[in-house]
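Welcome! Open your viewer, keep the selection tool handy, and follow along stop by stop.

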Amino acid sequence: MKKKIKDIIPQMSLKEKADFVCGQDFWHTKSLPAAEVPAVLLADGPNGLRIQEDATDHLGINDSKAATCFPTAASYSCSFDPELTALLGDTIANEALAEKVGLLLGPGINIKRNPLGGRNFEYLSEDPYLTSQLTIPLVKALQAKGVGACIKHFAANSQETARLINNSVIDERALAEIYLPQFEAVIKESQPWGVMTSYNRLNGIYTSESQELLQEKLRKNWNYQGMVVSDWGGTSDRVATLLAGMDLEMPYQDEANAEKIIAAVESGELPIEKLDTAVTAILTFVKKTQQNIHQSTFTEGQQHQIARKIAEESAVLLKNQDDHLPLTNFNQTAVVGALAKTPRFQGSGSSKINPTRLDCPIDFITGNDVTYSQGYQLDSEELFEEGLLAEALENAVKADNIVIFAGLPDSFEGEGYDRQHLDLPQNQNYLIEKIAEVNSNITVILMGGGPVILPWAEKVKSILLTYLAGQAVGSAVANLLTGKANPSGKLAETWPKKYSDTPSALTFAKDVKNSQYRESIYVGYRFYDTNKREVAYPFGFGLSYSQFKVATPEIEKVNNNIQVTVEIENTSSIAGAEVLQVYVGGSKKIPTAEKTLKAFQKVHLTAGEKKSIHFELQRDDFAYFDVSEKKWQVVEDQYTIYLANSSRNILAEMQLALSAVTDVKIPGEKIHPSNHSNEHPFAITEKDFAELFPAEKMPTMAASQKLTVDSTLADVKTVGGEMIYQSLISNLEQAIGGDPALYQMLMASIETMPLRSFKLAGAVSEDDLTQLLKQLNQEE
């Protein structure tokens, strides 16, 4: 691309501009041969490359080229290690460069609002600060090698149920303090080349059509200079998205949207300057990909080793009674569980990688008299499988140690649908309980994308959590079990004791049209700790084979900042790492969380080594978002600073008095600290929520309303279109060609699919859809 952008645009016709902002095919931007502008490849995904050469889709169904499958975000977030995520970004870039990828569609940085979120495995944490601090180095490392990062999904995308139409209804303070800070920090600190809008509405407006999000916050307040791209099939009104500031629509479907853009420009609805701005953003992105091309030198083996390193440093040791681990060797070990031979190492959907190789755990657990028994069926929850159980018990009785592999099957969680409960499959729980009756020397290896309830936790010696640890999971687990690697991961999300304790339990995925975020700022540990709710495992928790001693910290003011200094010592004979965490307690004068993470460091120590660690806190770390003044404020008060190694294990408390810069008037907040004496409290009462969000911000579908492209199959039923309903499903089944995995994914959310999605799936054409709506609305 030799020509200057300012010289290219005047030479483009209106049609060329309209075509250019709608993509070229499923994965490429549109080329402009006359101007020597090449098409650029965009590729999934957040934990490795998913590039399809033949049949294309955005749901991870069809085969893709082999690539290294790294641990998912749910896993690597537990590393609490920015250097490790920088290594991840640098390593993925190697393969992206080799495949001429210009933009990697990730990482996903939405907040884990609820543990049942079907796509939680793609997201990092319930905490925005941790999310941002791990994402910034990843984006910087990726882009330093000339591959763009596209952070997603902007914004407030926290569930899969009705994800294409759902409206996230969130108060202004929760947006500012929970759901937007990680996007702001990553944009300001690393300037990603791409930002992907989410499918959902936010307070009544699709995020791709939100001028408040894309213009006020993203461009004006955060000074974002990159390109804004839609999620695949995530636009309802293409003209509205251009007016709001969304540049590139993906994927290309047909000429319909380009024709609508041309008509809008000619009618004056869409100023040509808006279209030129989008064209400029895309051309600027293309130019970056041409200017930043680096050479890629790597081997498949090197990539695999790094995938193993990340898996090892991200694993979380949840229990280790009597120092049961590490095992001296695998002699006399009974390995139990189908997941030992068929490990769950990644999620399903658009991030699903075709791995270059796969380390199955059973192949790396070797020694004298090692036995294997399947124990359970992965695709069934049948409680009593006599032959499988008998074999497992026979092996367990004779073994010195038992390693049971348990976790969530693919069918329990995935893109397009949310989990139904927090339980493991019943047959797995039953198996572990029965084995514990004959031999208690049990280590359970847990695989899955999110928290689960562990009813047998007190009956086993040790529990090691891998989440979804990528293609090197087998060798990584073997190294962790024998002490070749020392667990150092910390939970990036709270594990509740029961689902009803979850702050959003009564509103999550309950209303397909509107999700009420009535817990407000009280998400994750902010809720559990403020309300003194007992949890299974707290945020930031994780054990080690090493022991650490932390001295009394010192606190002082340095250049208007607050510095915390502490000495930590590894008092064991095993090299290891500890994560020191600094939390700030909120002002008692306003409703706020008991504590909030504001700093952390992962400290690697050899046996007997001491290190002095420094943390710096700024005044902004004590601020809250004042809705009445539309800005961050520091209230004059006495604050508590906590040094901890989890949100519940406080090592030291320090007091600090802060004065307000100006006279801050404490507002009459509609957000209240939750009352833990209630069965299930809300931070915002029903009355206050109704005042904050009047009916126009809560879209519903009444039978008297006209159907649109955003109406769902359920809406079609509502207006008496049963025959059309059945016809659309039949068309969809034909379009997907009988693929069972795709069928399962689509059928899980079929009732909430908007009619426009049938066009993307190839089930209807633009003309068909237009005629269909006329028929349903009884128009001439």
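Begin by selecting Phe80, in the loop between α3 (73-76) and α4 (82-98); helices (H or I, at least four residues) and strands (E, at least two) are DSSP runs, numbered from the N terminus. This is a predicted model, where local features need pLDDT of at least 70, side-chain atom pairs count only at pLDDT 80 or more, and totals for chains, interfaces and linings use all residues. Residues are numbered from 1 along each chain as its sequence is written, and side-chain values use heavy atoms, with hydrogens and water left out.

Stay on Phe80 for a moment: its phi is positive, near 50 degrees, and it is not a glycine. Most residues other than glycine have a negative phi, and most peptide bonds are trans. Phe80 is buried, at 0% relative accessibility (buried means under 20% relative accessible area, exposed over 50%, partly exposed in between, with a 1.4 Å probe and protein chains only).

Next, select Ala156, in the loop between β4 (148-154) and β5 (167-169). Ala156 also has a positive phi, about 60 degrees, and is buried at 1% relative accessible area.

Now look for two cis peptide bonds. Met250 to Pro251 is cis, with omega near -5 degrees, and Pro251 sits in the loop between α9 (238-244) and α10 (256-267). Then go to Leu325 and Pro326, joined by a cis bond with omega of about 5 degrees; Pro326 is in the loop between β10 (316-320) and β11 (333-336).

Last stop: how many disulfides does a search of the whole structure find? The count is 0, a disulfide being a pair of cysteine sulfur atoms within 2.5 Å.
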